[in-house]
Amino acid sequence: MDPISRLAEYFRDFPGIGPRQAKRFVYYLLTRNAGTLDEISRLILEIKKQVHICSRCFRFFNAQNAAVGNVCPICADKDRDQSILMVVSKDADFEAIEKAHVHHGLYFILGGTVPILEKNPEQRIRSRELMNRLSDDVSIKELVLSLSATPDGEHTADVIRSLAKDIVAERSIRVTVLGRGLSTGSELEYADSDTIKSAFNNRI
Ligand SMILES: [Zn+2]
């Protein structure tokens with residue numbers, strides 16, 4: 001296979017990218033100068049070395065600037081409200097919430113959502129890790145399920161509620177979801193800060 005098609009095959013695997021867009025990326029790269037391509041190649045090579053996954057919230061973070069080993073700066077920040085744990089599906093959702101400056105607690109990245117017909121929901125998300133976190137971390141008083149207002153997002157919230165039923169009852173943890181503001185069908189990742197603020201403040 002020629003290099004254009006080979007590179008396009010890789011881009012095709014990117015989330016939301018189809019074959020035509022993949023080819024467009026390759027042709028775009030061909031218009032860039034050698035310095036830019038060197039920089040992009042270098043960043044791709046470095047990304048796994050410099051960006052680590054946080055052992056508490058499972059978020060990707062730049063380990064070079066981290067104060068505490070394999071824990072991200074947010075998890076290490078004692079000024080954050082340790083009693084509220086917000087569950088989001090992915091890093092892009094975490095970024096949207098942080099940009100809204102409304103949640104001052106901690107996070108947990110699920111790493112996906114559970115499709116409605118999934119037979120093994122535990123394999124689609126970090127459910128075991130979340131349950132461990134809930135049982136180990138005695139400071140948690142509220143679990144905010146911040147999932148997209150889509151069928152998969154709502155189903156994922158139901159799955160977590162049912163998996164965590166015993167732990168939250170035993171530890172008297174309040175479980176909330178984002179309230180009005182997020183219209184049905186909206187992806188959290190694309191919601192603006194005002195919408196997120198209103199949904200968080202109206203969590204139910
Ligand atoms: Zn973290």
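This is a predicted model: local features need pLDDT of at least 70, side-chain atom pairs count only at pLDDT 80 or more; totals for chains, interfaces and linings use all residues.
Helices here are DSSP runs of H or I with at least four residues, and strands are E runs of at least two, numbered from the N terminus. On that basis the elements of this protein read α-α-α-β-β-α-β-α-β-α-β-α-β-α from the N terminus on. That comes to eight helices and six strands.

Some overall numbers. The protein has 204 residues, and 40% of them are buried. Along the principal axes, the C-alpha atoms fill a box of roughly 60 × 40 × 35 Å. The accessible surface is about 12,200 Å², with carbon and sulfur atoms accounting for 53% of it. If we take contacts between residues at least 6 apart in sequence, 53% join residues at least 24 apart. On charge, there are 28 positive and 28 negative, and their mean positions lie 1 Å apart.

Now the zinc ion. Which protein atoms are its donors? They are the SG atoms of Cys54, Cys57, Cys72 and Cys75, lying 2.3 Å from the zinc ion. In sequence, the spacing of these donor residues is C-x2-C-x14-C-x2-C. Cys54 and Cys75 link distant parts of the chain, being 21 residues apart. Cys54 sits in the loop between β1 (51-53) and β2 (60-62), while Cys75 belongs to helix α4, residues 73-76. Are these two residues buried or exposed? Both Cys54 and Cys75 are buried.

Last, the geometry. The angles among the four donor atoms run from 107 to 114°, and the site is tetrahedral. For reference, the ideal angle for four tetrahedral donors at a metal is 109.5 degrees.

Definitions and conventions. Residues are numbered from 1 along each chain as its sequence is written. Side-chain values use heavy atoms; hydrogens and water are left out. Donors are N, O and S atoms within 2.8 Å of the metal (3.2 Å for Na, K and Ca); water is not among the atoms, so sites may look incomplete. Four donors count as tetrahedral if all angles lie between 85 and 135 degrees; four count as square planar and six as octahedral if opposite donors are over 155 degrees apart and all others between 65 and 115; anything else is irregular. Buried means under 20% relative accessible area, exposed over 50%, partly exposed in between (1.4 Å probe, protein chains only). Contact means heavy atoms within 4.5 Å. Accessible areas come from the Shrake-Rupley method with a 1.4 Å probe; for residues, only the protein chains shown count as cover. Lys and Arg count as positive and Asp and Glu as negative; His and the chain ends are not counted. The place of a charge is taken as NZ of Lys, CZ of Arg, CG of Asp or CD of Glu.
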